[in-house]
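Welcome, and please open the structure in your viewer. We will go from stop to stop, selecting a few residues each time.

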Amino acid sequence: MLFSKLREPREYQNRRLDSLAEPPEVGHELFVGLSALRDTLSSRHHSRDFAFAHARYLRSRVLALGLIFALLSPLWIVVDALVLPSELLWYTLAGRVGLLLGLVGVLALAYFSLERIRRIRFSAGMLLALPAGFYLLVLIMLPAEQVRHLVGYGFIPFLLVAALSVFPFTLLESLVAGLAMLGLLAFTQVIDGSWLTGRGLESVWLLSSLLVVSLAANHFQLSLLLRLYRQATHDSLTGLFNRGALEEHLEKVQAWQRDTEGQDSLGSVPCSLLMADLDHFKRINDSYGHSVGDSVLCQFAELLMRQTRRHDCVARYGGEEFVIILVGSGQARAMEIADRIRRAVEKTEFSSHDGQSIPVTTSIGVTRLEQDEPAQEAIKRADEALYRAKREGRNQVMAALSPSDPSI
Ligand SMILES: Nc1nc2c(ncn2[C@@H]2O[C@H](COP(=O)(O)OP(=O)(O)OP(=O)(O)O)[C@@H](O)[C@H]2O)c(=O)[nH]1
């Protein structure tokens, strides 16, 4: 059976994210909960496209919270001035200026790092590390007997652990940050002498409880984000990318082609676009019913996934039309792959709900994706080639005329 012959299950799971479209079954909630936990534990199972969406969301939080921290931190100088002896005030003042400069740096880094995943994650980490580092430095620099003069510093680890819940961090990221804050709290307690006292234990308990609440908030926030992302970018029937996601992906591939151009003597990486359409699909609907038509579409989508590589992109363009972006394949190679797909469809036994075999064929239009053209131009060329294939009798692959061809 087509569905059971998955080439690499994990790879496939990453690319086809349609389990959300399935109706709940007995025990399904537990399964969904566990797979959601896997997705929120670390970013290992996130697709590259989601990683970008996630980073954009993280960046907006860094900018918002960074701005709040940058405004609040200098304001506390007023409190310091009221409660600290003047010789200590200079310590904290110098620290606060350093903190403010650091926060401005983090804001600038996040602001100028649109689409730079690593930099955004780094700026989020720094946003938490800077106030913690400032507090640690004040504790180290100040003579131990003077620490009791500090007002409003002890809540910094608590504030930062609470702030974890604002970010869509993975559970592992938050856990590492939370444990660091617990370490900071322990260090404070060793200095002020409350370590292992009733008051000290109460604070550790409170911070641990806050951390658990923040971890729960991270889990729900990230799983909701994943769910919304999947619903917005994936076709609910086949689990493939939808048209909107395809168009975004095409632009990213072209940007990547431009970036890689000139990195070696070979020029930019060639990419191709295939448009595949099932032949006489209306007859399948009319003969076997719409629901069997749906099942054929799913079986076709599975076949396309099996026939392409992990870094290629398969999308449902609409109805019974599918688009495949082949990364690293020029037109000649793309023609071979398209014909391999065509033959695979012809040979495959598509089946109805009662196991009846349904003969299915496909016609495919192939074009090269140029890095500097509007993506819609490539889609239009592939579409025209597809319709030539249909006119020539279907079940065939047709190359588009080159964009530089004067007859276009
Ligand atoms: N079952 C099912 N049918 C769909 C879906 N989307 C579009 N269709 C049907 O796909 C059929 C497309 O028919 P046509 O555009 O005439 O194309 P065709 O019958 O495949 O003929 P050619 O493309 O010329 O080979 C229509 O009957 C649509 O109703 C869907 O999601 N599920």
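Helices here are DSSP runs of H or I with at least four residues, and they are numbered from the N terminus. Keep in mind throughout that you are looking at a predicted model.

**Stop 1**

Which helix gives the most to the shell around the ligand? Select helix 12, residues 290–307: with four residues, helix 12 contributes the most to that shell. Now show the whole shell, which has 16 residues; those that come nearest to the ligand are Asp279, Phe281, Lys282, Gly293 and Gly319. Besides helix 12, strand 1 (271–278) and helix 11 (281–288) also give two or more residues each. Colour the shell by class and you will find seven charged, five polar and four nonpolar residues.

**Stop 2: the two domains**

Next, zoom out and colour the chain by its domain assignment: domain 1 covers 48–232 and domain 2 covers 240–399. How far apart do the C-alpha centres of domain 1 and domain 2 lie? The distance between these centres is 48 Å.

**Stop 3: helix 5 and helix 6**

Select residues 86–111 for helix 5 and residues 117–141 for helix 6. The axes of helix 5 and helix 6 come within 9 Å and cross at roughly 175°. Angles over 145 degrees count as roughly antiparallel, so helix 5 and helix 6 are roughly antiparallel to each other. Show side chains at their contact: on helix 5, pick residues including Tyr91, Gly95, Leu99, Leu103 and Val106, and on helix 6, residues including Arg119, Ile120, Leu127, Phe134 and Met141.

**Stop 4: helix 6 and helix 8**

The crossing is left-handed. Which residues meet here? From helix 6 come Leu128, Ala132, Tyr135, Leu136 and Leu139, facing Ala177, Ala180, Met181, Leu184, Phe187, Thr188 and Ile191 of helix 8. By class, this contact has 11 nonpolar residues, one polar and no charged.

**Stop 5: helix 3 and helix 9**

For the last stop, select helix 3 (residues 48–75) and helix 9 (residues 198–233). Their axes are 11 Å apart and the helices pack at an angle of about 125°, which means that helix 3 is oblique to helix 9. Helix 3 passes helix 9 in a right-handed crossing. Asp49, Phe50, Ala53, His54 and Tyr57 make the contact from helix 3, while Leu225, Leu226, Tyr229 and Thr233 make it from helix 9. Six of these contact residues are nonpolar, two are polar and one is charged.

Definitions and conventions
Residues are numbered from 1 along each chain as its sequence is written. This is a predicted model: local features need pLDDT of at least 70, side-chain atom pairs count only at pLDDT 80 or more; totals for chains, interfaces and linings use all residues. Axes are lines fitted to C-alpha atoms, for helices over the stretch in contact, and angles run from 0 to 180 degrees between N-to-C directions. Angles under 35 degrees count as roughly parallel, over 145 as roughly antiparallel, 65 to 115 as roughly perpendicular and the rest as oblique. A crossing is left-handed if the near helix is turned anticlockwise from the far one by less than a right angle, and right-handed if clockwise. Two residues are in contact if their C-beta atoms, placed from the backbone, lie within 7 Å. Ala, Val, Leu, Ile, Met, Phe, Trp, Tyr, Cys and Pro count as nonpolar, Asp, Glu, Lys and Arg as charged, and the others, Gly among them, as polar. Domain bounds come from an automatic or database domain assignment. A residue is near a molecule or strand if its C-beta atom, placed from the backbone, lies within 6 Å of it.
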